[in-house]
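Please work through the following exercises with the sequence and the model at hand. Each task is followed by a worked solution.

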Amino acid sequence: MKKIGFIDYYLDEWHANNLPNWIKNAKRGGEFELYMAYGEIEPPREGLRSNALWCKENNVKQACSIDELVEACDCIMVLAPSNPETHYRLAEKALMSGKRTYIDKPFAPSLAEAKKIFALAEKYNTEFFSSSALRFADGMKTIKSFEFKPADSALALVKGSGNNFPEYVIHMLEMITSFIGTGAEKVIYNGAGAYEHQLLIAYPDKRTAALTMLPGGPYGMVANRHLDTVCIDKMENFFENFVAALLDFFADGVNPVDPAETLAVAALVEAAVAAQQRPGEWVNVPE
């Protein structure tokens, strides 16, 4: 049985709280054990469990250091989904270990930081990937397998939810990129209020994409090429499908995400966050 280790900024957060059961109930869950966890800091807000209590209630060993966890575990998950600025620091020892590693979304706060992470993994020949779970939704499988007729144009329209644009916009950008591909040129932001966000993405060819983020709404997507259109009103089973792909990766080394797309999404996140600060102004996507 392979031992999984969680490295997190602090442990009592939504992803760390739900992943243990998702892993346990996955098709290949019997091949893995959540063995150890490490939180860099104690939870910064009242009402959250201490790292020690989280480990006790989840029946996992608490690591005293990242070094201890990396040594003890076969596969490593770097979480901190609300703190991508910590990802390089938290992932560094894992990526130097040669052990298969997953890094949670948003992957990095900038394209430069994303490239830095890839360079470290390449130096030590460490297999890793990062992704939003939305990439693995049943609806995305339908969109990507749709028999489009050959055409020279494409359009992606995505809707989704989230109360923090910089943190949650990655879900929709990942959906767009997994269908429409890489190479986005510039973005422009329009927001109707604190929780209503719109982003238009332009490409140098005949592709275009747009997203709308509203609080509490379901994720969905309309994908079009020439005369062919597919519409998914609600994305389903994305966490279950994501965990299945994650365990396949840990077991067999099958990377479910093209690294070029991971870098493209990091660049789009950086541009989208910058564009939010300059509504109505085109912002170039970094290269």
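The model is predicted, so local features need pLDDT of at least 70 and side-chain atom pairs count only at pLDDT 80 or more, while totals for chains, interfaces and linings use all residues. Residues are numbered from 1 along each chain as its sequence is written, and side-chain values use heavy atoms, with hydrogens and water left out.

**Exercise 1.** Determine which strands pair with β1, and in which sense.

Solution. Helices (H or I, at least four residues) and strands (E, at least two) are DSSP runs, numbered from the N terminus. Two strands pair if DSSP finds at least two bridges between them. Step one: β1 (residues 2-8) and β2 (residues 32-39) are parallel, with seven bridges, and F6 stands opposite A37.

**Exercise 2.** Describe the cores to which F6 and I7 belong.

Solution. A nonpolar core is a set of buried Ala, Val, Leu, Ile, Met, Phe, Trp, Tyr and Cys residues joined through side-chain atoms within 4.5 Å. Buried means under 20% relative accessible area, exposed over 50%, and partly exposed in between (1.4 Å probe, protein chains only). The largest core has 71 residues, and F6 and M235 have the most contacts inside it. Another core, apart from that one, has 27 residues, including I7 and L69.

**Exercise 3.** Is S178 buried or exposed?

Solution. S178 is found in helix α7 (residues 165-180). Its relative accessible area is 10%, so S178 is buried. Beyond neighbours within four places in sequence, S178 is in contact (heavy atoms within 4.5 Å) with R135, M140, K144 and E261. The helix as a whole is largely enclosed by the rest of the structure, because 14 of the 16 residues of α7 are buried.
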